[in-house]
Amino acid sequence: MKVFFVASPRSANKEPETYKRMYKLIQNSCSKMVSDMVLDFTKINLDDFYNRSHKDRIEHFKNTMDCVKKADVVVVEVSEHSMSMGYIVNKAVDASKPVIALYKQNNRPYFFSGIEDGKLLTVEYTNDSLEKVVRDAFDKVKSMSDVRFNFFVSPKILTYLDFVAQKRMIPRSVFLRDLIEKEMKKDKEFKG
């Protein structure tokens, strides 16, 4: 399982030892980390980071989005407000990737706690409970992983799916999955 762990540079820089510990715990729960970005954030100069050139910001954005694409699971620390973390979670959930959103006790993220998505796991932790929380979250995420399912469609259906992907900016698989999930909710005989 490939994991992308990320946090706000401000958060990671403020508590470097906590984030290094998180990284190690997450690394022990998966087969591969797709990036060491959060470790870099623990030791950067924040003024230098936030004053980077436009070209560097574009590169950082592309690198981050590439990490989301490569990962099977995205882990985000969301105790502090961060538009970047919200955007990353949105991209991961849109790509139907399981997301573990960790937050410190008494710092429950208001907006994240309102999202009802089976792929988003919002989990509270303390310094003492962190190891167990990470282990339990990964156990739960393993049961969320998608199974690949291929099937044939007519050229007309494929043309429509391409249209949806281009005009609505929704991946074909996400569109089909949403249709099936809507039908599942309506089907009174289904008890899965």
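Me: What pattern does the protein follow when read along the sequence?
Reply: This is a predicted model, in which local features need pLDDT of at least 70, side-chain atom pairs count only at pLDDT 80 or more, and totals for chains, interfaces and linings use all residues. Residues are numbered from 1 along each chain as its sequence is written, and side-chain values use heavy atoms, with hydrogens and water left out. Helices (DSSP runs of H or I, at least four residues) and strands (runs of E, at least two) are numbered from the N terminus. The protein has nine helices and five strands, and along the sequence their pattern is β-α-α-β-α-α-α-β-α-β-β-α-α-α.

Me: How many salt bridges does a search of the whole structure find?
Reply: Side chains of opposite charge can pair when their charged atoms come close. A salt bridge is a side-chain nitrogen of Lys or Arg within 4 Å of a carboxyl oxygen of Asp or Glu. By this definition, the number found in the whole structure is seven.

Me: How many residues apart are E80 and K14, which form a salt bridge?
Reply: The closest N and O atoms of E80 and K14 are 2.7 Å apart. E80 lies in the loop between strand 3 (73–77) and helix 6 (83–94), whereas K14 belongs to helix 1 (residues 9–14). The pair therefore links distant parts of the chain, and the separation is 66 residues.

Me: Is K14 buried or exposed?
Reply: Buried means under 20% relative accessible area, exposed over 50%, and partly exposed in between (1.4 Å probe, protein chains only). E80, at 30%, is partly exposed. K14 has a relative accessibility of 54%, so K14 is exposed.

Me: What separates E17 and K20 in helix 2?
Reply: The side chains of E17 and K20 meet in a salt bridge of 3.5 Å, N to O. E17 is exposed at 56%, while K20 is partly exposed at 35%. Because the two are three residues apart in helix 2, what separates them is about one helical turn.

Me: What percentage of the 192 residues count as buried?
Reply: The C-alpha trace spans about 55 × 40 × 30 Å along its principal axes. Of the 192 residues, the buried share is 35%.
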